[in-house]
Amino acid sequence: MSFTVEYQNTPFLKTSRVKKDVSRLNYRCELLLTQNSHAIRNKRVLDLASHDGLFTYACLKLGARYVVGVEPRSNLVSDANENLRSLGCKTNQYEFVIDDAFDYLSTVEEEQFDTILCFGFFYHIKNQTELLDLITSTKPKYLILDTFVEDFQLPKAELHGIRRRETKKIAGYMVFYQEDQDFDMASFGSSNLVGMPNKSLVEALLIDGGFNFKQINWNDENVIDRGDITDYKKQTRVSYIAETTDS
Ligand SMILES: C[S@@+](CC[C@H](N)C(=O)[O-])C[C@H]1O[C@@H](n2cnc3c(N)ncnc32)[C@H](O)[C@@H]1O
């Protein structure tokens, strides 16, 4: 597969704290952004948890009109500004804001952004419903979601216990963890308790949020796993392009 955005020789290989094999970054950009370029080209994009600017940069390369990256760790925002400057991005086309995603989203006006990216963040929080409510209240056209999911299977007996008369079906479940906030990719804020939803719950939350969505297919034969995207292939990490419905 040839990549429209190539991370080889970019500073992100040094500054990113996320898994940063070149091929993984190239595939993430290709499948999450390039193959959804209708949601990026000429669009105003909000990159939640923008880290060192790696996907803000990709959006600009793919012709986004304007991109705002939100990231609460000031050292990462410094890296992001320096990275995009050194890569020659036009400073009037992007901005990095040092903020918590929830706080920032509550200041966003309706239709201020066409597309919201939520990459590598949905499992670093415990209030996924609140995040989706905030996102939908800003009325974006598209949400691109990329997240690890929990694949722990509840024993049948436990599932039976959850079922009550008024329960139509079990939508999914979430496993809670405590993260070490010393890591530059962990949750940020007053709580280090985070919830990792399973795949069914992610989909139930998207439906509940009023989104039509399509799962991005990482099992296409052209997507070759050299050990760097096994999580995507095994669907312990999943991604979606979601569109808001008008109702
Ligand atoms: C695993 S990294 C993901 C980075 C990038 N989006 C990606 O997918 O590769 C998680 C990022 O979320 C940021 N983060 C943690 N808590 C946050 C919050 N409350 N609001 C916004 N970003 C947050 C971290 O600082 C870190 O940069």
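Guide: Thr10 counts as buried because its relative accessibility is 9%, where buried means under 20% relative accessible area, exposed means over 50%, and partly exposed covers the range in between (1.4 Å probe, protein chains only). The model is predicted, so local features need pLDDT of at least 70 and side-chain atom pairs count only at pLDDT 80 or more, while totals for chains, interfaces and linings use all residues. Residues are numbered from 1 along each chain as its sequence is written, and side-chain values use heavy atoms, with hydrogens and water left out.

Thr10 belongs to the segment before helix H1 (12–15); helices (H or I, at least four residues) and strands (E, at least two) are DSSP runs, numbered from the N terminus. The side chain of Thr10 reaches the backbone oxygen of Tyr7 at 2.6 Å. This pair is a polar contact, that is, a pair of N or O atoms within 3.5 Å; within protein, one atom must be able to donate a hydrogen and the other to accept it, and residues adjacent in sequence count only if both atoms are side-chain atoms.

His51 is placed in the loop between strand E1 (44–48) and helix H3 (54–61), and it counts as buried because its relative accessibility is 6%. The phi angle of His51 is near 55 degrees, a positive value in a residue other than glycine. Most residues other than glycine have a negative phi. An N or O atom in the side chain of His51 is 2.7 Å from an oxygen atom of the ligand. A nitrogen atom of the ligand is also 2.7 Å from an N or O atom in the side chain of Asp100. The backbone contributes as well: a polar backbone atom of Ala49 is 2.8 Å from a nitrogen atom of the ligand. Of the 590 Å² of accessible area that the ligand has on its own, the protein covers 97%, with accessible areas taken from the Shrake-Rupley method with a 1.4 Å probe; for residues, only the protein chains shown count as cover.

There are 21 residues around the ligand, and Arg28, His51, Glu71, Arg73 and Asp100 come nearest; a residue is near a molecule or strand if one of its heavy atoms lies within 4 Å of it. The shell around the ligand divides into 12 nonpolar, four polar and five charged residues. In this division, Ala, Val, Leu, Ile, Met, Phe, Trp, Tyr, Cys and Pro count as nonpolar, Asp, Glu, Lys and Arg as charged, and the others, Gly among them, as polar.

Elsewhere in the chain, His124 is found in the loop between strand E4 (115–119) and helix H6 (128–137). His124 is buried because its relative accessible area is 13%. The side chain of His124 makes a polar contact with the side chain of Glu179 at 2.7 Å, and a polar atom of the His124 side chain lies 2.9 Å from the backbone oxygen of Met185.

Ile229, in the loop between strand E8 (211–215) and helix H9 (230–233), counts as buried at 0% relative accessibility. Ile229 and Arg24 are 205 residues apart in sequence and 6.1 Å apart in space, C-alpha to C-alpha. Glu150 lies in the loop between E5 and H7 and is buried, with a relative accessible area of 11%.

Other residues are partly exposed. Lys139, in the loop between H6 and strand E5 (142–148), counts as partly exposed at 43% relative accessibility, and its phi is near 50 degrees, again a positive value in a residue other than glycine. Gly172 occupies the loop between helix H7 (156–162) and E6 and is partly exposed, with a relative accessible area of 25%. From Gly172 to His51 is 29 Å in space, C-alpha to C-alpha, and 121 residues in sequence. Met174 lies in strand E6 (residues 174–178) and is partly exposed at 24% relative accessible area.
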